[in-house]
Each structure stands twice: as C-alpha cells, then as structure tokens.
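Reader: I have a structure open and I'm new to it. Could you walk me through how to read its features?

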Amino acid sequence: LCQDMMELCPKAVLLNYSNPMSMNMQTVFRTSSIQAVGLCHSVQGTHQQLMGYIKERPEDTNFICAGINHMAFYTRLEKDGQDLYPRLFKAMDDPEVYNSNKVRFELMKRLGYFVTESSEHNAEYCPFYIPHGKEIIAKYGVPIDEYLRRCDSIVDEFDRLKTLARSKTQDKPMQIHRSQEYGSNIIHSIATGQPRVIYGNMPNRNCISNLPATAIAEAPTLVDRNGLQFAQVGELPPQCVAFMMPHVAQHELFIRAAIEGRRDHVYQAAMFDPLTAATMPVDKIVEMCDELIAGHGMEKDGGVLPNLDTTRTQVRGSGKKFGSVDPKDLRASWDKAQSAGQEDAIREWQVIGPLPGKKAGAISLNEQTAVDKAFARSKDGGVDLKATYSVGKQTLKWKKIAADKRGFVSFDSALGSCEWCIGYAYAEIQEIHGRETVLSCGSDDGIQIFLNGKEVHKNEIPRGHASNADSATIYLKPGINRILVKVDNYVAGWGFSVSIPKAAF
C-alpha cells in the first residue's frame with residue numbers, strides 16, 4: 001500500500017486504524033516517505049468513561065493524555081482549572097465503579113494515573129494478573145482469549161455490513177452518522193484548514209522527552225491544512241514510562257527482525273514481553289518462537305513471514321524442527337473449542353429498542369424507561385410481548401430473533417446502529433427442578449440482568465463483547481424462569497450474550 005502511494009499519490013495522508021498500531025506505524029515511517037498517522041478510539045472513549053464515573057460532561061473538561069498506543073496515561077484531568085483526579089480516586093471506592101474496570105483502577109492505585117486501553121487488554125500487557133492463576137484471573141475479571149473472540153465478531157460484523165450495504169429494501173436502511181473516530185475530522189481539517197486537536201500515533205521525535213525518538217508515541221496532535229504535527233508534551237512520570245518501555249523495546253526488535261531478517265530479534269522481543277517473561281523460561285520462549293515461525297512459514301517458502309534468516313548471529317535457536325500448520329486446521333480447532341464453550345448460550349430472544357438516552361453522550365443503565373416501568377409492575381418478572389412503546393415518532397414492538405453461533409445477540413442487526421441508547425431482550429427457560437447455578441454473560445457496552453423480577457447482575461462499562469466476561473450466581477425455580485436483559489450502548493456496535501449451564505439430569 002505504501003509503495004503504491006509513493007508512486008501514485010505521494011502527497012496523500014494514510015489514516016491507519018489497523019493493529020498492531022505501533023509496529024505498523026514504525027514500518028510505514030521506516031520504509032516509505034508518505035505522510036501517515038495511526039488512529040485509535042481509546043483516548044476519547046476512555047475520557048468519556050472517566051467523566052461518567054465522576055458525573056461530569058466530557059465537553060466541560062480538559063485533559064492531556066500521552067504515551068504509546070494502548071498504554072497512554074491521562075497526566076491531566078481538569079475542569080475550570082481544578083484537578084479531577086481526587087474525585088476519580090474517590091469514585092473508585094464505589095464497588096460498582098471499581099468492578100467495571102478492575103485492572104485499570106488497580107493500575108491507577110499503583111501508578112497514580114489512569115491508562116487508556118481496556119482492563120481485559122491491559123491485563124495482557126503486564127505480569128501482574130494472568131500469570132498468577134485462575135483465582136487472580138477471576139478476581140480481576142480477565143477474559144482469556146477475549147481478543148480472538150473479538151476478531152471473530154469483527155469478521156461477522158464485516159459480513160453483516162456488506163449485506164446491509166447491498167440491501168435495497170426499506171426495512172434495513174443504511175444509517176449514516178458521525179462517530180467518535182477521528183478520520184472524518186482529519187479529512188475536514190486538511191481540506192479546509194480548520195484547526196483541530198486529535199490524538200494520533202506518529203514517531204515521537206522528542207514530543208515525549210523521556211521516550212526514544214524513534215518510538216511511536218500517542219499524543220496530542222494538531223491538524224490543519226499543513227497536515228499533522230505533535231504538540232510538545234515533555235516528560236512523562238517515570239513510573240508510566242517504565243510501564244511502556246518493555247513494549248517500546250519489543251516493537252523495535254520486531255521491526256528490526258523483519259527489516260534486517262534477524263530471527264534472534266524475534267526471540268529477544270518475546271523474551272522482553274512482560275507477560276511472556278512471567279510465564280515461561282527462556283529456552284521455552286525460544287522454542288515457542290521457532291514453532292510459530294515454522295507454523296506461519298516464510299514468504300520464500302510460500303508462507304507469510306519475511307526471511308528471518310538473512311542475517312546470521314551467534315544467538316542460538318531451540319535446535320528443534322517444526323512443520324508448517326494448515327490454517328484450516330487451526331480454524332477448525334478454534335471453532336470446535338468456541339462451539340463447546342458456547343453450548344449453554346441462550347439462543348432465542350424477544351428484543352425491543354433502541355430507546356435514546358436523555359442526551360447524546362449521557363447514558364446509563366440507571367435511566368428509567370417505559371419498559372423498566374412496565375417490567376417493575378410485573379409480579380413474576382415477565383413482560384407483555386404484545387405491548388408497544390412510543391419513542392418520538394416511532395412505535396417500538398417486541399420482535400423475535402436468534403443469537404448467532406457464539407450466542408451473541410447483535411443489536412446492530414436486530415435494533416439498528418445507534419449511539420447513547422438502550423435496548424432490551426427477554427427470554428424464558430423451563431426448569432423441572434429448582435437449582436443454583438452460575439449465569440455467564442458478555443456485553444457491548446453495559447449490561448443489567450433481571451431474573452424473575454430481581455436484579456442478579458449489573459456492569460456499567462464501555463467495552464467490546466467477550467463471551468462469559470461476567471458471571472453471577474443465580475437460583476432457577478421450578479417451572480418458567482423469566483430473564484430480562486438491559487444493554488446500553490455508548491458508541492459503535494452493541495449487543496450481548498447470556499449462558500446458563502444445562503441441568504445435569
């Protein structure tokens with residue numbers, strides 16, 4: 001892509017949304033002469049989330065955030081010149097707030113600043129959680145394999161959008177609206193000259209004075225007719241830099257491995273990854289790298305990797321031989337594992353929505369809607385599936401849908417794409433005998449679950465969907481059990497899944 005741009009449109013600007021962000025941007029800047037910026041929504045998305053915790057409107061506050069992608073820290077949070085961090089630390093004492101973001105609040109406790117990327121993802125960047133066993137993983141709500149499941153969901157979403165874009169029917173109109181993503185604003189500022197500040201990923205070049213100049217920094221970025229330039233940030237707190245530096249070194253090693261053809265740099269990058277180092281001894285790390293390199297194969301042999309044996313060094317490999325892997329076999333193995341893990345998902349639902357929030361940028365599971373009020377009047381926790389609700393000029397009705405193969409209910413498909421809104425789902429399950437069991441769920445974004453009229457779970461959190469991210473102990477009574485799920489959406493996609501193990505008899 002970059003080679004084509006240098007030949008055909010050398011003055012164009014590449015807007016990169018793809019991961020791994022830092023390594024992709026390093027490759028762009030080290031192997032081409034084009035203008036480029038890496039874009040992520042974690043800075044503006046997390047700011048919205050933090051202001052929700054302390055009940056402030058995001059547009060009324062100021063912040064500075066800087067670091068590297070997924071590991072940038074809010075070094076300043078202010079309103080009218082007043083520091084908002086004391087209020088955020090106080091909000092953390094609320095169990096509902098803390099439980100919505102356990103890993104990031106734990107990191108804030110220790111580092112003094114809040115980090116951008118989600119708790120589930122940040123747990124994969126440091127050695128403090130996953131390596132310490134199932135008890136710690138459960139304590140901090142870390143969903144293992146969440147990113148792989150998210151990728152699966154994204155592929156399904158691409159297929160849905162392709163179908164939607166081709167549809168000429170009136171029942172599925174394509175809805176166009178501006179999101180929180182920076183892309184359209186950048187295009188507008190470059191085309192018109194209207195200045196804006198966004199958060200971009202580009203070579204540091206002393207923007208952050210205590211990070212290497214060649215690191216890909218994420219920092220305040222001025223956009224106008226001249227393109228994109230970093231604002232000067234200065235020094236970051238040393239503890240925040242210490243959190244980032246293993247990953248900065250890892251990015252550098254991987255880039256050099258690819259460009260210089262050095263297998264030893266692959267070993268070293270894996271060795272210095274905090275999670276890998278906390279999990280495996282060095283000889284196993286090297287062996288794992290050799291197996292992964294063989295599994296993916298090099299381009300010269302029909303695989304996908306650059307030639308990693310161009311530059312020979314004294315660094316030794318594992319000495320073991322590994323064969324290539326058929327991607328179809330890996331896909332089948334993953335699908336089988338996911339299918340087994342989702343066999344308890346509830347598949348059939350009645351859904352209704354979307355119901356808008358009180359105002360854009362302010363939505364909460366605590367908001368009372370007509371559905372909430374009608375449900376509260378029900379003695380057994382049921383809903384009237386024939387009821388209708390007037391929302392503006394629309395009349396909303398319950399409709400029956402089925403979850404996908406993973407048990408995920410896409411509200412984008414069922415209710416339409418919207419932001420700062422609420423949707424509901426209702427299901428009934430039959431039990432012969434009463435029993436205690438564990439309900440598991442995942443959501444995008446916040447979720448609240450009622451069983452037979454009583455709340456059994458609530459998690460107000462902006463996040464992507466991960467199956468079984470949350471759990472709650474429940475009691476299923478003999479006969480019909482009625483489940484009402486309330487989901488709120490901040491921005492982008494939304495939906496949920498709920499699983500209840502089948503009775504063992």
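Author: Let's start with helix 12, where the buried residues are Asp-264, His-265, Val-266, Tyr-267, Gln-268, Ala-269 and Ala-270. Buried means under 20% relative accessible area, exposed is over 50%, and partly exposed lies in between (1.4 Å probe, protein chains only). Helices (H or I, at least four residues) and strands (E, at least two) are DSSP runs, numbered from the N terminus. One caution: this is a predicted model, where local features need pLDDT of at least 70 and side-chain atom pairs count only at pLDDT 80 or more, while totals for chains, interfaces and linings use all residues. Residues are numbered from 1 along each chain as its sequence is written, and side-chain values use heavy atoms, leaving out hydrogens and water.

Reader: What do the buried residues of helix 12 pack against?

Author: Contact means heavy atoms within 4.5 Å. Here those residues pack against helix 11 (238–260), helix 13 (274–279) and helix 14 (282–296).

Reader: How many bridges join strand 14 to strand 19?

Author: Two strands pair if DSSP finds at least two bridges between them. Strand 14 (residues 421–431) has eleven to strand 19, running antiparallel, and Ile-429 sits opposite Asn-481. Strand 16 (residues 446–451) is also antiparallel to strand 19, with six bridges; Ile-449 partners Val-485 there.

Reader: Which residues touch the most other members of the largest nonpolar core?

Author: In soluble globular proteins, nonpolar side chains tend to be buried together. A nonpolar core is a set of buried Ala, Val, Leu, Ile, Met, Phe, Trp, Tyr and Cys residues joined through side-chain atoms within 4.5 Å. In the largest, of 56 residues, the answer is Leu-88 and Phe-105.
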